[in-house]
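Biologist: I have just opened this one and would like a walk through it. Could you put it on the screen and start with a pair of strands?

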Amino acid sequence: MASTYDSGDLVELAAVFTNTTGGGIDPTFVKFLVEDPTGTVSTYSPSTGSDSTSITSTGRRWVQTIVTSTGRYDWQVHSTGVGEGVQEDYFMVRSRRVST
């Protein structure tokens, strides 16, 4: 089941990279792609500056993004070199029920 957030929330997207024995590995390069409900795709990678991926421990990468459009967000994380692969998922964003 997809996660649901409210418009304006800070969403953290995470990926875990492991070798064949289950140990954490750091890919050579990681890129997150996030497509919002309007079809706009945002790219998050070390080469995009302030919106870069973060490393919390060996094999774990994450990125944070603020969601403003309501609907379905699709996202992918691509890794190349060591730990090459692709992971995909999605989440939903709803309008805030209470506004200030």
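Modeller: Strand 3 (residues 29–35) and strand 4 (residues 41–44) run antiparallel and are joined by four bridges; strands here are DSSP runs (E, at least two residues), helices are H or I runs of at least four, and both are numbered from the N terminus. Two strands count as paired if DSSP finds at least two bridges between them.

Biologist: Which residue in strand 4 is the bridge partner of Leu33?

Modeller: The partner of Leu33 in strand 4 is Thr43.

Biologist: And what lies between strand 3 and strand 4?

Modeller: Five residues separate them in a hairpin, and in its turn Gly39 has a positive phi of about 95 degrees.

Biologist: Before we go on, what sort of model is this, and how are residues numbered?

Modeller: The model is predicted, so local features need pLDDT of at least 70 and side-chain atom pairs count only at pLDDT 80 or more, while totals for chains, interfaces and linings use all residues. Residues are numbered from 1 along each chain as its sequence is written, and side-chain values use heavy atoms, with hydrogens and water left out.

Biologist: Fine. How many helices and strands are there in the chain?

Modeller: The chain has zero helices and eight strands, so from the N terminus the elements read β-β-β-β-β-β-β-β.

Biologist: What is the order of the open sheet of three strands?

Modeller: Its order is 2-6-5, with antiparallel pairing. Strand 2 (10–16) and strand 5 (54–57) are the edge strands, each pairing on one side only. On average, neighbouring strands of this sheet are turned by 30 degrees against each other, direction ignored, with axes taken as lines fitted to C-alpha atoms and angles running from 0 to 180 degrees between N-to-C directions.

Biologist: How many bridges are there between strand 2 and strand 6?

Modeller: Strand 2 pairs with strand 6 (residues 60–66) over seven bridges, in the antiparallel sense, and Leu13 stands opposite Val63 in strand 6.

Biologist: Changing topic, how many salt bridges does a search of the whole structure find?

Modeller: The search finds four, a salt bridge being a side-chain nitrogen of Lys or Arg within 4 Å of a carboxyl oxygen of Asp or Glu. Asp6 and Arg96 form one of them, with their closest N and O atoms 4.0 Å apart. That pair links distant parts of the chain, since Asp6 is in strand 1 (residues 3–6) and Arg96 is in the segment after strand 8 (85–94), 90 residues apart.

Biologist: Is Asp6 buried or exposed?

Modeller: Asp6 counts as buried because its relative accessibility is 18%, whereas Arg96, at 44%, counts as partly exposed; buried means under 20% relative accessible area, exposed over 50%, and partly exposed in between (1.4 Å probe, protein chains only).

Biologist: Which residues are linked with Asp6 in a network of salt bridges?

Modeller: The network links Asp6, Asp9, Arg94 and Arg96. Within it, Asp9 and Arg96 form a salt bridge whose closest N and O atoms are 3.1 Å apart. Asp9 lies in the loop between strand 1 and strand 2 and Arg96 in the segment after strand 8, so this pair ties together parts that are 87 residues apart in sequence.

Biologist: How far apart are the closest N and O atoms of Asp74 and Arg72?

Modeller: They are 2.9 Å apart, in another salt bridge. Asp74 counts as partly exposed at 29% relative accessibility, and Arg72 counts as partly exposed at 41%.
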